[in-house]
Amino acid sequence: GMKSIKILHCADIHIGMEQSSIGNKSRQRQEEILMTFDRIISICKNEKIELLLIAGDLFDRNNIETAVINSVKNSLKSITETIVAIAPGNHDNAASDSAYLDADWSENVHIFTSNLQSIEFKDKGFRLSGGAFISSYANETILQSVDTPDDDLINIGIIHGDLVSDNQSSTYNPITPAQIKQSGMDYFALGHIHKRTEILKSGNTFYAYSGCPEGQGFDELGEKGVYIGSISKGSCNLAFRPVCQRMNIQENVDITGAGTIAEASEKILKAIKNKYGKGFSNNLYKIILEGEIDQQFNIDCTAVAARLTDEVFFVKIIDETRIHIDVKALSLETTLKGIFARKMLEKINSAINNGKADEEKEYRRALYIGLKAFDCEVKYNEN
């Protein structure tokens, strides 16, 4: 049959990253990223992957502890049957202080350290083309015109960079679909964007971002992983494979009716248990509280988080609730407070009638703050 090659495409692992935003859980998360890398290595072993593509930002920076670098070198050395290709990114660029220039990487590891180069693996039936960041920025494309011979070798490309349209610029190696089309590759493995794309196609070239294998904050939500499958001349059969140990999740929870911290926490717990099932406790949550609450109930986000801290790996609470006030009854009063409420209600209704949701939200917030001010409850702060 037609020659095909089994690949695993990953990127943006960011080994050594410190997530200060999650406090004392940061160190554990750092080690878990290294464990997820080893999980990828195990897949290569167990599923006889012929080519492991690491499309940049394997490390979060260049001055990583030697022990951590050695851990990565040992892992890659353990998969002798798998050819490993690394295209250094903007975080782990191939500058003079890079571990990528060390002489002791195992023989199966091929690291690109300049503009586009090609290596042929004739016995395996494929050619590998890749390039590297050599500093933190690359304003010009690293993907200079590639001269790919038209032979029967499968052509695989690997690069870290920013997919842009023809007239756009980027300081992170701008790559256009036109360049990908002209590359003559069968598959181009991309890194840099932490959110994966579907498998895309430009001309006869398939390409994709695999995204990062572990979410690294609440701007990287949901299930994370790698692409795995086979590539042959003119065809691409890759599937997404989740490998993350935890997910970052943002959830809006309506706590209308809660009158105590315990009741609010109970509502949150019920909501996330229902949605995420028995593995719910593994995840990192950013919970946005919504709904209307009683004026007597002062929500303390830290207190709510304290009640959930034994239930989930990490939780951050943001309060966007509104105080429940019978504004209608209030607006009939002839007090200054009543007149204020009536004026704000008019503005809110007008915004609703004009379909201006953002404006409505602003006015509701102004009403809420104003009514609290009448009750001398507002603490003025800068944000």
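The second largest pocket holds about 210 Å³ of space. This is a predicted model, where local features need pLDDT of at least 70 and side-chain atom pairs count only at pLDDT 80 or more, while totals for chains, interfaces and linings use all residues. Residues are numbered from 1 along each chain as its sequence is written, and side-chain values use heavy atoms, with hydrogens and water left out.

**The second largest pocket**

- A pocket is an open set of points on a 1 Å grid over the protein atoms alone, with protein on both sides within 12 Å along at least five of seven lines, and its lining residues have an atom within 4 Å of a point.
- Grid points are joined across faces, edges and corners, and a volume is the space filled by probe spheres set on the points.
- The lining includes Glu 292, Arg 322, Leu 345, Arg 364 and Tyr 368.
- Strand S19 (322-323), helix H7 (336-353) and helix H8 (357-374) each give two or more residues to this lining; helices (H or I, at least four residues) and strands (E, at least two) are DSSP runs, numbered from the N terminus.
- H8 gives the most, with four residues.
- Sorted by class, the lining has eight nonpolar, no polar and three charged residues; Ala, Val, Leu, Ile, Met, Phe, Trp, Tyr, Cys and Pro count as nonpolar, Asp, Glu, Lys and Arg as charged, and the others, Gly among them, as polar.

**How H7 and H8 pack**

- The axes of H7 and H8 come within 8 Å and cross at roughly 170 degrees; axes are lines fitted to C-alpha atoms, for helices over the stretch in contact, and angles run from 0 to 180 degrees between N-to-C directions.
- H7 and H8 are therefore roughly antiparallel to each other, since angles under 35 degrees count as roughly parallel, over 145 as roughly antiparallel, 65 to 115 as roughly perpendicular and the rest as oblique.
- Residues of H7 including Phe 340, Met 344 and Ile 348 meet residues of H8 including Tyr 363, Leu 367 and Leu 371, where contact means heavy atoms within 4.5 Å.
- Twelve nonpolar, one polar and five charged residues make up the contact of H7 with H8.

**Two other helix pairs**

- Helix H1 (residues 26-46) and helix H2 (residues 66-77) pack at an angle of about 10 degrees, with axes 10 Å apart, so H1 and H2 are roughly parallel to each other.
- Leu 34, Phe 37, Asp 38 and Ile 41 of H1 make this contact with Val 68, Ser 71, Val 72, Ser 75 and Leu 76 of H2.
- For helix H4 (residues 261-276) and helix H5 (residues 301-308), the axes come within 9 Å and cross at roughly 55 degrees, which makes H4 oblique to H5.
- Ile 261, Ala 262, Ser 265, Ile 268 and Leu 269 in H4 meet Ala 303, Val 304, Arg 307 and Leu 308 in H5.

**The cavity**

- The structure holds one cavity of 30 Å³ or more; a cavity is a set of grid points where a 1.4 Å probe fits but cannot get out.
- The largest cavity has a volume of about 40 Å³, and its lining includes Phe 59, Arg 61, Asp 92 and Tyr 100.
- By class, this lining divides into five nonpolar, two polar and two charged residues.
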